[in-house]
Amino acid sequence: MVRWRSGLRRSLAVSALCLVGGALVALPTGASGASNAELVVDYSCTGGIALGGSVVNLRTKVSIPTTLTVGEPLNIGWALNYKNGTPARFGSPGYFGPGGKVFVTGNVQLSGSWVGELQPKGFVEQPGKLQPGKILKLPEGISDSAHLAQAGTVNVSPRKLFVDFMPPAGEVMVNNDDPQVSYHGAGDWYELDDEPLSIGDYGRDLHRTDKVNSFATFTFTGTGIEYIARRSTEAGQVGFKIDNQDATPSSIDASKNPDGTPTNAAHQGGLTLWRFNGLKYGEHTIKVTNLEAGKFAQVDAFRVITKELANPPADYRATCTLVSAPVSVNVTISEPGGSSSPSPSISETPDPSFTPTITPTVTPTVTPTATPTPTPSSNGNQNGNQDGGTNSTTRSTTTSTPKPTLTVTATVTPTRPTPTAPQVIITPSGGAQTGEAPQGGSGLGLLGAGTAMVTGSALGGVVLMRRRAAHARGQRDS
């Protein structure tokens, strides 16, 4: 009995190990993402909206896939940031209303099986109004893609970046005390602050002078400009030049109404007294001059106008070049189901859709250990008694309990052919995907099938142990 129990424990232990092993094989691995190379690339940018002729340094991360299948897109992406520790930034080139945009365009050269160029692009709209020098935000990223129709190897090389600024269409007000407004002769001009709200001055202040030929200048960027000032009986003739050229009209009389009649207003502020439109977009300078002695020339504000543009101005473009040596990545393009992916190994990752049918069959075979043997008596003749006496023969038979032999037959019937397409996921360090992810939950089916096989084996072991015990008892009884 002790040996029977010990054998049963060994049989169940082996069965349990087989069950655990079956579970480890049957459970499929999860899908992995496509392999990507992540390159940290630094750029040095100059010109255009790089403030004050400074060098703006960028730190970017370029993402390039390294393995693709024919028909999949080759996506190239840049993540953009100013480089920490360097103060220089891109800045607004002028006064603009809300809606200005910064565009970034990349350049990627492709060679090898496919020759061409990609231009990843992206933009971001600037929040709120802009004034000269205000730091501009960069788009978080830019991207572009191409579809490759044949297998092979493509060499991808990131090159230059270009940063552009698109001014918004609209207008923006610039007050008379803005640093961009300059007054010729500090003693010739004086400022009035906290003027009564009823007058209507923009910002409730203005600059004025009564000195003849005294002037103020304002440099702006746009396609038009308006002069804001007071109309009053104390004002006089004011002259205008744009970029040192007489404007049209070249002067106005701030003491008269638009129809030429003298004004009765003592102080009427916040009025557009003069405007000039149709300028080519860019930087311009307006000059306002007092033309009449004893009369005031006044500056309340300027309204800068920008019409809608078809493209970002070329003067704003900054060019960014690689700081380090050029870098490149090889991209392998393979046919669908091609040899570039490893063939599946059933011993490592079985086909999840394969479901075996297991039929255990127990066939006992009885083999006797002894055969009957005749034994003659002491007074008998094996040939018979010639005198007609009784011929007495005694037969003795020894019967033993047969020893069963357990035979287990497992019939495995596949429900579908062995797969021909790769179904093994191999994900080395770096995330490369070299196969297709197994689909579905058929791992549980394999686990159940393995359990059935193990259960049959365990039951067979129990039968064998019990028969051996019965045989042992029979020998003791005899």
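Predicted model: local features only at pLDDT ≥ 70, side-chain atom pairs only at ≥ 80, totals over all residues.

Colleague: What is the phi of Arg-204?

Modeller: Near 60°. That is a positive value, and Arg-204 is not a glycine. Most residues other than glycine have a negative phi.

Colleague: How exposed is Arg-204?

Modeller: Arg-204 counts as partly exposed, because its relative accessibility is 37%.

Colleague: What about Asp-193, where does that lie?

Modeller: Asp-193 is in the loop between strand S12 (190-192) and strand S13 (206-209). It has 45% relative accessibility, so it counts as partly exposed.

Colleague: Which residues gather with Asp-193 in a patch?

Modeller: Asp-177, Glu-191 and Asp-194. With Asp-193 they form a patch of negative charge on the surface.

Colleague: New topic. Where does Asn-244 lie, and what is its phi?

Modeller: Asn-244 is in the loop between strand S16 (237-242) and S17. Its phi is near 65°, again positive in a residue other than glycine. Asn-244 counts as exposed, because its relative accessibility is 65% and the cut-off is over 50%.

Colleague: And which peptide bond is cis?

Modeller: The one from Thr-248 to Pro-249, with omega near -5°. Pro-249 lies in strand S17, residues 245-253.

Colleague: Zooming out, how many helices and strands does the protein chain have?

Modeller: Two helices and 27 strands. Of the 478 residues in the chain, 38% are buried.

Technical notes
Residues numbered from 1 in each chain as written. Heavy atoms only, no water. Helix = DSSP H or I, 4+ residues; strand = E, 2+ residues; numbered from the N terminus. Buried < 20%, exposed > 50% of the residue type's maximum accessible area, 1.4 Å probe, protein only. Patch = residues over 30% accessible without salt bridge, like charges linked within 9 Å, V, L, I, M, F, W, Y side chains within 5 Å. Areas by Shrake-Rupley, 256 points an atom, 1.4 Å probe, with all protein chains shown as cover. Salt bridge = Lys/Arg side-chain N within 4 Å of Asp/Glu carboxyl O. Lys, Arg positive; Asp, Glu negative; His and termini not counted. Charge placed at Lys NZ, Arg CZ, Asp CG, Glu CD.
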